[in-house]
Every structure is written in C-alpha cells, then in structure tokens.
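Here is a short note for a colleague who has not seen this model before. Please read the points with the structure open.

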Amino acid sequence: MSTHLETKRAFPWSDRFGTARITFRLMSATDAPAVRAFTRTLEPDDIIFLRMDIRQPEVINEWLENIERGRTLSVLAVNEEGGIIGYCSLHHNELLWTRHHGEIRIFVLKAYRGTGLGARLLGEVFQIAREQSLERLIVNIPRDQPHIRKMFESLGFKVDALLADWLKGQDGRLHDLLILSHEVAEG
Ligand SMILES: CC(C)(COP(=O)(O)OP(=O)(O)OC[C@H]1O[C@@H](n2cnc3c(N)ncnc32)[C@H](O)[C@@H]1OP(=O)(O)O)[C@@H](O)C(=O)NCCC(=O)NCCS
C-alpha cells in the first residue's frame, strides 16, 4: 500500500522563469519514464557532486520506492514540452533519531539556472517541511563548490559541520563535505 507523504500545497502550478514557462508538480511512481529521460540528458560534470548518481536505474528505482513509502517528496520543475528540468527533494525518516530533520537534494539543469528556479523549488520544500512539522532542514554539499554554499547561506542556512575527505567523486578524488542546516520555523 502506498504511504505517500501528503501535502496541502496545491500542485500543479506554473510560472515564468526567464523566457521559459515552468510547471511545478509532485513526482509520483508514474514518472519513471520522465525521470529516466531527464537523467539521460545529464553529463558527467552534472552529477559529479550529486550524493548519488541519479543516472543509475537502481538509484531511480530507490527514489521512486521512497516516494511510494512516504520517505521522499520531490517537487519537479517541468518545461513546456513536459520534460523534467529540475527537482527539489525532501527526505525524511521517522524511524531515525533525526526524525525531526528533512534532508534537501536539489538540482536544476544548467540551461535553466540563474533565473530563480532553484530558490523557488527550495521555497516550496520549506513550505512542505513546515506542514510536515519538521524542525530542521539539512543540505550536504562539497566544500569546493563555494557558489552553492553562498546560495544556501544567502537563504539563511548555517554550516554545522565540516568533514574532511568525506566524499569520493566519480573521478576517485576525495573532497571535504559541508553540512548546512536551517531551522524550519525561521524560514
Ligand atoms: C544549486 C542550484 C539548484 C541553484 O539553481 P538556480 O536555479 O541557479 O538557483 P537560483 O537562480 O534560484 O539562484 C538562487 C541564488 O543563488 C545564486 N546562485 C545560483 N547559482 C549561482 C552561481 N553559479 N554562482 C553564484 N551564485 C549563484 C543566485 O544569484 C541567487 O541568489 P540571489 O537570490 O541573491 O539572486 C543549481 O546550481 C544546481 O542544480 N547545482 C548542482 C546541484 C547542486 O549542487 N545541488 C546542491 C546540493 S544538493
């Protein structure tokens, strides 16, 4: 039986970002083909710093399973042709002692960056986290991506931890990990 995370937010809705009209909607298990089509367009430097290689079929299957189990809620950004061009996911596990946390993972295709789409996706996930009564949002980023850190800090996230040599990139090199967080009530 499906145990989707419920949200009172009304989806879908659309808005203009730059010259593109983008629709926001929640991802469901029926999105498997659209997700596969989206991840097929990614290049190695797109996924180099993502926590998981979302091009791998088992990663996509786990993502969809977690949506079905209510552990993940993903807001998709879709272009006028119906193609996924970005997402922001909220991961939550009520069986863990971090059950008051939601972890954010966000990605926007390069061609659509810098028009406010990432900030809007994050805003949606903040609202959903508030509805779920989560207390803290967490994001994991590599330290050597200063513009990503700057973006989250400008949205009020603060660095909680620096873990040296914690990540291994696709190229086999080690990188430091930064954990940033934001109290949901302050968002
Ligand atoms: C992080 C990411 C989603 C931002 O998406 P985006 O659509 O470009 O974000 P926005 O256009 O809403 O920009 C948000 C803010 O960050 C700033 N910003 C975004 N990209 C930036 C860059 N490359 N350099 C400097 N600032 C940047 C913007 O200026 C904006 O700040 P402002 O509100 O003060 O103007 C996108 O860069 C991405 O997908 N990166 C790869 C995946 C990743 O690193 N995810 C984070 C870890 S899960």
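1. Start with terms. Helices (H or I, at least four residues) and strands (E, at least two) are DSSP runs, numbered from the N terminus. By that naming, Asp-165 lies in strand S7, residues 158–168.

2. Next, the ground rules. This is a predicted model, in which local features need pLDDT of at least 70, side-chain atom pairs count only at pLDDT 80 or more, and totals for chains, interfaces and linings use all residues. Residues are numbered from 1 along each chain as its sequence is written, and side-chain values use heavy atoms, with hydrogens and water left out.

3. Which residues come nearest to the ligand? The shell around the ligand holds 16 residues, and Val-108, Gly-114, Gly-116, Gly-118 and Ala-119 come nearest. A residue is near a molecule or strand if one of its heavy atoms lies within 4 Å of it.

4. Look at where the shell comes from. Strand S5 (101–108), helix H4 (117–131) and helix H5 (146–154) each supply at least two of its residues. The largest share, four residues, comes from S5. By type, the shell divides into nine nonpolar, five polar and two charged residues. Here Ala, Val, Leu, Ile, Met, Phe, Trp, Tyr, Cys and Pro count as nonpolar, Asp, Glu, Lys and Arg as charged, and the others, Gly among them, as polar.

5. A polar backbone atom of Ile-106 is 2.9 Å from a nitrogen atom of the ligand. For Gly-114, a polar backbone atom is 2.8 Å from a ligand oxygen. At Gly-118, a backbone N or O atom lies 2.9 Å from an oxygen atom of the ligand. The protein buries 68% of the 920 Å² that the ligand exposes when taken alone. Accessible areas come from the Shrake-Rupley method with a 1.4 Å probe; for residues, only the protein chains shown count as cover.

6. Now the aromatic rings. The whole structure has eight aromatic pairs. Rings of Phe, Tyr and Trp (its six-membered ring) pair if their centres lie within 6.5 Å; planes under 30 degrees apart count as stacked, over 60 as edge-to-face and the rest as tilted. Phe-38 and Tyr-87 are edge-to-face, because their planes stand at 90 degrees, with ring centres 6.1 Å apart. Phe-38 lies in helix H1 (residues 32–40) and Tyr-87 in strand S4 (residues 84–91), so this pair ties together parts that are 49 residues apart in sequence.

7. Buried means under 20% relative accessible area, exposed over 50%, partly exposed in between (1.4 Å probe, protein chains only).

8. Tyr-87 has a further partner. With Phe-107 it forms a stacked pair, 6.4 Å centre to centre and 20 degrees between the planes. That pair links strand S4 to strand S5, 20 residues apart. Phe-107 is buried, at 4% relative accessibility. Ring pairs link Phe-38, Trp-63, Tyr-87 and Phe-107 into a cluster. Arg-113 lies over the face of Phe-107, at 5.3 Å from the ring centre. A charge sits over a ring if NZ of Lys or CZ of Arg is within 6 Å of the ring centre and within 35 degrees of the ring normal.

9. Check the backbone geometry. Most residues other than glycine have a negative phi, and most peptide bonds are trans. The bond from Phe-11 to Pro-12 is cis, with omega near -5 degrees. Pro-12 lies in the segment before strand S1 (13–17). Ser-133 is not a glycine, yet its phi is positive, about 60 degrees. Ser-133 is in the loop between H4 and strand S6 (136–142) and is exposed, at 57% relative accessible area. Asp-165 also has a positive phi, near 50 degrees, and is partly exposed, at 48%.

10. Last, a buried loop residue. His-92 is in the loop between S4 and S5. Its relative accessible area is 15%, so His-92 is buried. The side chain of His-92 reaches the backbone oxygen of Arg-99 at 2.8 Å.

Note on methods: Polar contact = N/O pair within 3.5 Å; in protein donor to acceptor, adjacent residues only side chain to side chain.
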